2 protein chains.
Amino acid sequence: MEMESVNIEKASSFLSGLKAKIAGIARQTKKVAMDDPRRLIHSLKAGLALTLVSLFYYFQPLYTSFGVSTMWAVMTVVVVFEFSVGATLGKGLNRGLATLAAGALGLGANHLASVSGKTWEPVLIGLFVFLQAVASTFIRFFPTVKARYDYGMLIFILTFSLISISGLRSDQILELAHKRLSTVLIGASTCVIISIFVYPVWAGEDLHKLVAQNLEKLGGFLEGFGDEYLRTFDQESENERTSSLVGLNSVLDSKSKEETLANFARWEPGHGQFMYRHPWKQYLKIANLTRQCAGRVEALNAYLNSKTPASQEMQCMIAGISTGSGEVLKELSWAITTMSRPTSPSPHIPNLKIASKNLNSLLKSDFCEENTNLLQVIPVATV
Amino acid sequence: MEMESVNIEKASSFLSGLKAKIAGIARQTKKVAMDDPRRLIHSLKAGLALTLVSLFYYFQPLYTSFGVSTMWAVMTVVVVFEFSVGATLGKGLNRGLATLAAGALGLGANHLASVSGKTWEPVLIGLFVFLQAVASTFIRFFPTVKARYDYGMLIFILTFSLISISGLRSDQILELAHKRLSTVLIGASTCVIISIFVYPVWAGEDLHKLVAQNLEKLGGFLEGFGDEYLRTFDQESENERTSSLVGLNSVLDSKSKEETLANFARWEPGHGQFMYRHPWKQYLKIANLTRQCAGRVEALNAYLNSKTPASQEMQCMIAGISTGSGEVLKELSWAITTMSRPTSPSPHIPNLKIASKNLNSLLKSDFCEENTNLLQVIPVATV
């Protein structure tokens, strides 16, 4: 009797634990979907692409022309379909071109080996595969190759090995190569078409927004900092400041994300306000300056936290400068967002220059780096 | 006659251009190999693994048992073999487990569809594939999944689709699944064995070295800064400072590299001084503090560049503090490298505290953040 009640208790505690876990997962799912609803759409798109390609298995006439090779189309879709258009295009082109090149070379290697006679054929092919793998793996370490063609090199090794080794076992190697190439092309173009025409996600647009957003965050922080500075010892505002500092940290940590996006963006065709060969590198420059600026502002913030107040006059000046800088940065961010030339030079800038000069002569020391940095940002922003 | 000489000229200029290009590539090759000689060894290892696996094609008894599926072993080797042991293990385990799980589920889906009759079978399978692709693609966006199991999810989608779709066309689906699983396991274990036993590259060791190195760079910069500060207007030293600032920038930008390494390191078994479940996350904490500190030091450096000299007394103090901090950081870096507890508390620290207090009372303002940051670093470093 007691045993039973213990068992029931155990079961109920297990059930409630399970319930909590499921609720946790549900909450996380919702969060992931809410953070960026395009993720849900992307998942549906991936399902659509896969289903489309698997139609090759369903219809007899399609299947008979490709046979088991149809599987390459499915594989290509799974591997190539990425979140943004740029990433999908980059991978698709890499895969298609690498398959083409490696297939041709593999056929060549095979022919070379086969004319050398039955005994030497496997040895030669083994040697080719080894040398090719060593060379290609090494080439993958080249920075330029790594950034854009890493996936292509991988597929090159793969296809070359498969084609040249398969030659040992099959006489229809030409047909094999041909089928592999066409199924890969079918898979890759399915991905590219769906990613471009069904709710496209442009990496370039994301980069554009991210850079503008970071500038805006920095501006917002500086504006807030100006107000804040005058009431440093007011504990109530602590929370608010922490949250804007988190924003600042996200600005500081966005480097690798920006670089990945810029890399993808370079694969993208023109779309919307962006033409093909949009100067994506300029965005990286702005982003770099923003990050430098954010690093300095963070140091400023630490100074604020150290709670050693400066003179009244200096306080006012610093607050004025940082509020002004914040406004200018926000203007810049707006200019980037709308892709308009900022009303150059901003009316704030002369004021800021004067203020910083005053402060400088007052203290002969501090804080001028903030402003010089600001001036650095301006010219680049007029993309 | 003239035509000919123009042609010859053209050809020779083309040849010299080609020569320059080849020389450039050769130089780059040498640089890539010299920067990290393990890259060359890695390439040879990859060639070895691929050749070993392709033996399955050469020997009749091996080939008859697996047939065309041998190709999966080759594919697995090409895709799974990575630079460090952790990355290879992580990918290998992901691939093996995902193939197992997806294979089993795919068989189940196939069985379910086949009992529902000939008309409904393709519809049901299409539905399963679609739903599975949507769900798995979405799960890949979860941060925890993305960090460690992204590749596994990809292989899951792939295997599930292949197995369940192939069921429409082949009656030996069980055999297909079994062959696919065993060849993938053969390929993955070849990679893992070679990467562990032939000149292993441990991600954990790299992380360890990188963190210590960054701390050392920062220390070196601060020491140099101390000397530098006293002769700010000496233009000769400009070059040297720039080069150490480059070092500082590499510290600031190492975040994503550290995170990747820590991620790989968690897959690695115990080796050398590192046991399994070494506290890799602590390294990330130290690295984060190092980076924060570097950010502040960079701001200091900008201040130095602004060339507004402070009073003589203050200059001496700042120089003293930064040299002292630099020494302490170097001590810490050494302690991490040798994995010994630093002679805690370092004899420098009380001196530094006094100096920073003096400076503080002298100026009631500046630079104390540098020191508080230093104190933050200390406790974490006693891993």
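Is Cys191(A) buried or exposed? At 0% relative accessibility, Cys191(A) counts as buried, where buried means under 20% relative accessible area, exposed over 50% and partly exposed in between, with a 1.4 Å probe and protein chains only. Keep in mind that this is a predicted model, where local features need pLDDT of at least 70, side-chain atom pairs count only at pLDDT 80 or more, and totals for chains, interfaces and linings use all residues. Residues are numbered from 1 along each chain as its sequence is written, chains are lettered from A and ligands numbered from 1 in the order in which they are written, and side-chain values use heavy atoms, with hydrogens and water left out.

**View 1. Here is chain A as a whole.** Chain A has 16 helices and 0 strands; helices (H or I, at least four residues) and strands (E, at least two) are DSSP runs, numbered from the N terminus. Of its 383 residues, 49% are buried. Take the contacts (heavy atoms within 4.5 Å) between chain A residues at least 6 apart in sequence: 79% of them join residues at least 24 apart. As for confidence, pLDDT is the predictor's confidence in each residue, from 0 to 100. Chain A averages 76, with 73% of the residues at 70 or above. The model scores ipTM 0.78 and pTM 0.79.

View 2. Cys191(B), like Cys191(A), is buried, with a relative accessible area of 0% for Cys191(B).

**View 3. Now for some aromatic pairs.** Rings of Phe, Tyr and Trp (its six-membered ring) pair if their centres lie within 6.5 Å; planes under 30 degrees apart count as stacked, over 60 as edge-to-face and the rest as tilted. The structure holds 8 such pairs over all chains. One of them joins Phe83(A) and Phe141(B) edge-to-face, 5.4 Å centre to centre with 75° between the planes. This pair crosses between chains: Phe83(A) is in the loop between helices H4 (70-80) and H5 (85-115) of chain A, and Phe141(B) is in the loop between helices H6 (120-139) and H7 (143-148) of chain B. Phe138(A) and Phe142(A) also pair edge-to-face, at 6.1 Å and 85°, and both are buried.

**View 4. Look for charges sitting over rings.** To count, NZ of Lys or CZ of Arg must be within 6 Å of the ring centre and within 35 degrees of the ring normal. Lys91(A) does this over Tyr151(A), 4.8 Å from the ring centre. In chain B, the charged end of Arg148(B) sits over the ring of Trp267(B), at 4.5 Å.

View 5. All 11 of the 11 residues in H4(B) (70-80) are buried, including Trp72(B). A nonpolar core is a set of buried Ala, Val, Leu, Ile, Met, Phe, Trp, Tyr and Cys residues joined through side-chain atoms within 4.5 Å. The largest one has 72 residues, and Leu50(A), Leu50(B) and Trp72(B) have the most contacts inside it. Not counting residues up to four places away in sequence, Trp72(B) touches Met71(A) and Met75(A), along with chain B residues including Arg95(B) and Leu162(B).

**View 6. Last stop: Lys255(A).** Lys255(A) is found in helix H12 (255-265) of chain A. Its relative accessible area is 19%, so Lys255(A) counts as buried. Beyond four places in sequence, Lys255(A) touches Asn288(A), Arg291(A) and Asp253(B).
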